[in-house]
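Welcome! Please take a look at the sequence and the structure below before reading on.

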Amino acid sequence: MPAFARHRHAIAGEQPDDRDLSGGGGILLMVVLLTALLHRLRIGELKAAFSESTHTIFGAGFVLIFTIPMVRILINSGVNAADLVSMPMAMYLLGISDPLLRLG
């Protein structure tokens, strides 16, 4: 279901039908199947590619689990009740930031 249709269902208070394959995951599966057919991959080769891809995704996902929250904290550090400067600005003022990133 296209994104605009999901939004329309959400406004109407209905549940979208997630059984169709027009979302990102469905398109990805169709591309995988098309690629396997075009390259005439055998089942063993497809399993090996799936295994290698899964290993790579889990390795990157493990790092992203910790990196994304740190970046969000860094970005939102200027929004605080103590009226402190944000972490990027504090790093700039202390001379910790990279010279290429200096503001002026």
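What follows is a short tour of a pocket and a surface patch.

This is a predicted model, in which local features need pLDDT of at least 70, side-chain atom pairs count only at pLDDT 80 or more, and totals for chains, interfaces and linings use all residues. Residues are numbered from 1 along each chain as its sequence is written, and side-chain values use heavy atoms, with hydrogens and water left out.

Let us begin with the largest pocket, whose volume is about 390 Å³. Its lining has 14 residues, and Val32, Leu46, Ala49, Phe50 and Ser53 lie nearest the centre. Helix 2 supplies seven residues, the largest share of this lining. The lining holds ten nonpolar, four polar and no charged residues.

Helix 4 gives the largest share of the patch, three residues.

| Feature | Helices supplying at least two residues each |
|---|---|
| Lining of the largest pocket | Helix 2 (24–38) and helix 3 (43–75) |
| Nonpolar patch | Helix 3 and helix 4 (87–94) |

Why does methionine 87 count as partly exposed? Its relative accessibility is 40%, and partly exposed lies between buried (under 20%) and exposed (over 50%).

Definitions and conventions
On a 1 Å grid over the protein atoms alone, a cavity is a set of points where a 1.4 Å probe fits but cannot get out, and a pocket is an open set with protein on both sides within 12 Å along at least five of seven lines; lining residues have an atom within 4 Å of a point. Grid points are joined across faces, edges and corners, and a volume is the space filled by probe spheres set on the points. Helices (H or I, at least four residues) and strands (E, at least two) are DSSP runs, numbered from the N terminus. Ala, Val, Leu, Ile, Met, Phe, Trp, Tyr, Cys and Pro count as nonpolar, Asp, Glu, Lys and Arg as charged, and the others, Gly among them, as polar. Buried means under 20% relative accessible area, exposed over 50%, partly exposed in between (1.4 Å probe, protein chains only).
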